Amino acid sequence: MRTVIQRVQHCSVTIDGEVKSKIGNGMLVLVGIEDRDTQEDIEWLCKKITNLRIFDDENGVMNRSVIESGGEIMVVSQFTLHASTKKGNRPSYIHASKPDIAIPMYEAFCEEMGLQLGKEVATGTFGADMKIELLNDGPVTILIDSQNKE
């Protein structure tokens, strides 16, 4: 499972011209799922993400988590995080899970993220053509892959 975490001042997801969800200060989490991902990956990632100390404390130092800062989280599925660009110029998405596997994993990820955060998370719609608008704060952008726990 691959994630891209962006610290945001605000973020929204629009589908067919209508805002589906929006958040204020917090994180946008893009998540890509592959067949080998498990519930253990979900739990590890959600705990890691909600405890990342990437929000400023009273001294302007990144020393607070999204939980400590009272921030929100938006989770959006993004199969293109598993793009393989090894051959040619057209990415292959062979490692990205198909919807029958990815949808339940995405839903479980969102549920676990809400449990770890202590409140409901905002989401996109799996498989929809989404327009995501955000103001990256910092900028702070972090990649985390559950298959590469450095």
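The model is predicted, and the values given here are computed from it. Its largest pocket has a volume of about 360 Å³, its largest nonpolar core holds 26 residues, and it contains zero disulfides.

**Pockets**

- The largest pocket, with a volume of about 360 Å³, is lined by 19 residues, and those nearest its centre are Ser-77, Gln-78, Phe-79, Phe-126 and Gly-127.
- Two or more residues of that lining come from each of strand 3 (26-32), strand 6 (72-77), helix 3 (99-117) and strand 8 (130-145), and strand 3 gives the most, with three residues.
- By residue class, the lining of the largest pocket comprises 13 nonpolar, five polar and one charged.

**Nonpolar cores**

- In soluble globular proteins, nonpolar side chains tend to be buried together.
- Within the largest nonpolar core, which has 26 residues, the members that touch the most others are Met-27, Ile-49, Ile-73, Val-75 and Phe-109.
- Strand 3, helix 1, strand 6, helix 3 and strand 8 each give two or more residues to this core, and helix 3 gives the most, with seven residues.
- Once neighbours within four places in sequence are set aside, Ile-73 is in contact with Ile-23, Met-27, Val-29, Thr-50, Val-66, Met-113, Leu-117, Val-121 and Ala-122.
- A second, separate core is made up of twelve residues, including Val-4, Met-74, Ala-122 and Met-130.

**Cysteines**

- The structure holds zero disulfides, and for Cys-46 the reason lies in distance, because the closest cysteine sulfur, in Cys-110, is 8.3 Å from its own, too far for a bond, whereas a disulfide requires the two sulfur atoms to be within 2.5 Å.
- Cys-110 is likewise in no disulfide, the nearest cysteine sulfur being that of Cys-46.
- Cys-46 is buried, with a relative accessible area of 0%, and Cys-110 is also buried, with a relative accessible area of 11%.

**Asp-145**

- Although Asp-145 and Arg-2 are 143 residues apart along the chain, their C-alpha atoms are separated by 4.3 Å.

**Asn-25**

- Asn-25 is located in the loop between strand 2 (18-23) and strand 3, and its relative accessibility of 35% makes it partly exposed.
- With residues up to four places away in sequence not counted, Asn-25 touches Val-8, Gln-9, Phe-55, Gly-71, Glu-72 and Asp-137.
- Between Asn-25 and Asp-56, which are 31 residues apart in sequence, the distance from C-alpha to C-alpha is 12 Å.

Definitions and conventions:
Residues numbered from 1 in each chain as written. Predicted model: local features only at pLDDT ≥ 70, side-chain atom pairs only at ≥ 80, totals over all residues. Heavy atoms only, no water. 1 Å grid on protein atoms, 1.4 Å probe; cavity = no way out; pocket = protein on both sides within 12 Å on 5 of 7 lines; lining within 4 Å. Points joined across faces, edges and corners; volume = space filled by probe spheres on them. Helix = DSSP H or I, 4+ residues; strand = E, 2+ residues; numbered from the N terminus. Nonpolar A, V, L, I, M, F, W, Y, C, P; charged D, E, K, R; others polar. Core = buried A, V, L, I, M, F, W, Y, C linked by side-chain atoms within 4.5 Å. Buried < 20%, exposed > 50% of the residue type's maximum accessible area, 1.4 Å probe, protein only. Contact = heavy atoms within 4.5 Å.
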